[in-house]
Amino acid sequence: MDTWDKLNALHLDALREIGNIGAGNAATSLAGLLNNRIQMTVPRAGVLPLKDIAGLVGNEEDPVACVEFTVTGPAPSKILFLLSKASAYLLVDLLLGQPRGATTALDEMGSSVLTEVSNILTGSFLNAFADFTHLNFKPTVPAFAFDMLGAVLSSAFLEGGYFSDRALVIETRFYGEEITIDGHFFLIPEDRALGQILQSLGLQLD
């Protein structure tokens with residue numbers, strides 16, 4: 001039995017709560033970047049087998065923007081932030097002050113903008129996580145990819161090597177006046193890191 005199999009309802013509720021707080025922190029950062037009031041909902045949050053992640057986000061052939069970080073510190077993990085193609089293009093237009101619909105393909109500037117905004121949002125997410133757990137998370141320089149969902153996940157989890165067969169998934173919807181941006185945060189802790197995170201919350205694994 002691995003660590004994930006020992007999780008009970010209390011553990012899952014605590015992980016979801018951290019995810020909600022992290023996503024809320026990211027929404028505040030996004031509002032500052034866009035100079036727009038941004039609200040946030042978390043339609044789904046929980047632990048999911050990696051093999052089911054593609055179905056949660058979309059079809060394997062769907063293009064997505066993905067920023068990947070390796071997190072070091074007392075709870076080593078991997079974190080991904082995924083955006084649908086439509087949300088990625090909309091963010092580029094909004095952040096560059098372009099008319100909506102102007103971005104129809106990602107160039108070097110668009111990729112740079114998405115990497116930077118994802119870096120800021122993920123940093124906000126991790127900061128909230130760190131404040132809640134009193135653990136120090138140190139993200140590496142982000143790696144950006146824009147490709148089919150299946151290829152992105154294969155690269156992140158299979159070729160790069162992942163720490164577990166499950167992930168904490170936070171499905172996040174940011175919205176403001178005539179703005180809707182759908183994103184997914186994925187936190188994949190090492191097996192021992194999951195226990196460290198729960199222990200920091202005063203929760204023990206049996």
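Student: What should I keep in mind about the model and its numbering?

Tutor: In this predicted model local features need pLDDT of at least 70 and side-chain atom pairs count only at pLDDT 80 or more, while totals for chains, interfaces and linings use all residues. Residues are numbered from 1 along each chain as its sequence is written, and side-chain values use heavy atoms, with hydrogens and water left out.

Student: At what angle do helix 1 and helix 3 pack?

Tutor: Axes are lines fitted to C-alpha atoms, for helices over the stretch in contact, and angles run from 0 to 180 degrees between N-to-C directions; helices are DSSP runs (H or I, at least four residues), as strands are (E, at least two), numbered from the N terminus. Here helix 1 (residues 9–34) and helix 3 (residues 85–96) pack at about 50 degrees, their axes 9 Å apart. Helix 1 and helix 3 are therefore oblique to each other, given that angles under 35 degrees count as roughly parallel, over 145 as roughly antiparallel, 65 to 115 as roughly perpendicular and the rest as oblique.

Student: Which residues make the contact?

Tutor: With contact meaning heavy atoms within 4.5 Å, Leu30, Leu33 and Leu34 of helix 1 meet Leu91, Leu94 and Leu95 of helix 3. In general, an α-helix has 3.6 residues a turn, so residues three or four places apart point the same way.

Student: Which residues of helix 3 are buried?

Tutor: Buried means under 20% relative accessible area (1.4 Å probe, protein chains only), and in helix 3 this applies to Ser87, Ala88, Tyr89, Leu90, Leu91, Val92 and Asp93. Their cover includes helix 1, strand 2 (63–72) and helix 4 (108–133).

Key. Buried < 20%, exposed > 50% of the residue type's maximum accessible area, 1.4 Å probe, protein only.
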